[in-house]
Amino acid sequence: MTALNRVPSLMARAGTASALTLAAVGGSIAVPGLATEASAATLAAKALQVAASEEGAPYRYGATGPRSFDCSGLTLYSYKKAGKTLPRTAAQQYNKTHHISSGQRKAGDLVFFHSGSYVYHVGIYAGHGKIWHAPRTGDVVRLQKLWTNNVWYGRVS
């Protein structure tokens with residue numbers, strides 16, 4: 001006799017197992033979207049790690065790495081190393097992400113700086129109100145505290 005037969009439930013008799021039944025027999029539950037969220041979290045963590053490893057690399061307009069970067073070049077490079085291809089510019093990257101609120105942001109999400117509807121800068125959210133980014137000519141890839149709330153967030157999936 002199997003555990004499913006020993007643990008009667010309306011769901012088990014209907015051909016599906018309850019969470020308690022599955023736990024009793026060591027099964028698992030497939031939740032729609034959960035695998036996608038887990039893989040997105042792994043992707044984001046890898047991209048964040050890549051961006052952090054580029055600390056100190058010089059900013060150069062139009063550069064996509066590996067020795068120098070502009071803002072969207074850093075995000076493109078970081079996600080490419082993590083296994084996901086992004087478009088080239090900050091605005092194009094914004095259009096290819098799942099837009100989320102600041103309350104939903106997680107480490108590895110992209111942070112888009114904008115003026116009205118014009119997206120002009122992008123970085124990778126590092127948590128605790130900080131981002132990894134390639135700021136501007138004469139600067140280097142670095143971790144910096146967010147200096148404005150005038151940003152949008154996007155999740156790469």
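Predicted model: local features only at pLDDT ≥ 70, side-chain atom pairs only at ≥ 80, totals over all residues.
1. Six strands make up an open sheet, and their order across it is β1-β6-β2-β3-β4-β5. The pairing is antiparallel. Strands β1 (98-100) and β5 (142-145) are at the edges; each has a single partner strand, so one side of each has no neighbour in the sheet. From one strand to the next the twist averages 40 degrees.

2. The β2-β6 pair. Strand β2 covers residues 110-115 and strand β6 covers residues 151-155; they run antiparallel and are joined by four bridges. Within this pair, F112 stands opposite W152 of β6.

3. The helix on the sheet. Helix α5 (residues 71-82) packs on the sheet and touches β2, β3 (118-127) and β4 (130-133). The direction of α5 makes about 45 degrees with that of β3.

4. T97. This residue is in the loop that lies between α6 (90-95) and β1. Is T97 buried or exposed? Its relative accessible area is 9%, and the cut-off for buried is under 20%, so T97 counts as buried. The T97 side chain reaches the backbone oxygen of Y94 at 3.0 Å. With neighbours within four places in sequence left aside, T97 is in contact with L110, F112, G154, R155 and V156.

5. F113. This residue belongs to strand β2. F113 has 0% relative accessibility and therefore counts as buried. Leaving aside neighbours within four places in sequence, its contacts include Y118, V119, Y120, H121 and V122, as well as I131, L146 and W147. F113 is also 8.9 Å from A90, C-alpha to C-alpha, with the two being 23 residues apart in sequence.

6. The largest nonpolar core. Which residues of this core touch the most other members? They are F69, Y79, L110 and V141, out of 26 residues in the core. At least two residues come from each of α4 (34-53), α5, α6, β2 and β3. The largest share, six residues, is supplied by α4.

7. F69 and its surroundings. Not counting residues up to four places away in sequence, F69 touches E54, A57, P58, Y59, R60, A63, T64, L74, Y77, A134 and V141. One of these, V141, is also named with F69 among the core residues that touch the most other members.

8. The other core. Another core, of eight residues, lies apart from the largest one. Among its residues are I100, F113, L146 and Y153. F113 and L146 are also in contact with each other.

How values were computed. Residues numbered from 1 in each chain as written. Heavy atoms only, no water. Pairing = 2+ DSSP bridges. Axes fitted to C-alpha atoms, helices over the stretch in contact; angles between N-to-C directions. Contact = heavy atoms within 4.5 Å. Buried < 20%, exposed > 50% of the residue type's maximum accessible area, 1.4 Å probe, protein only. Polar contact = N/O pair within 3.5 Å; in protein donor to acceptor, adjacent residues only side chain to side chain. Core = buried A, V, L, I, M, F, W, Y, C linked by side-chain atoms within 4.5 Å.
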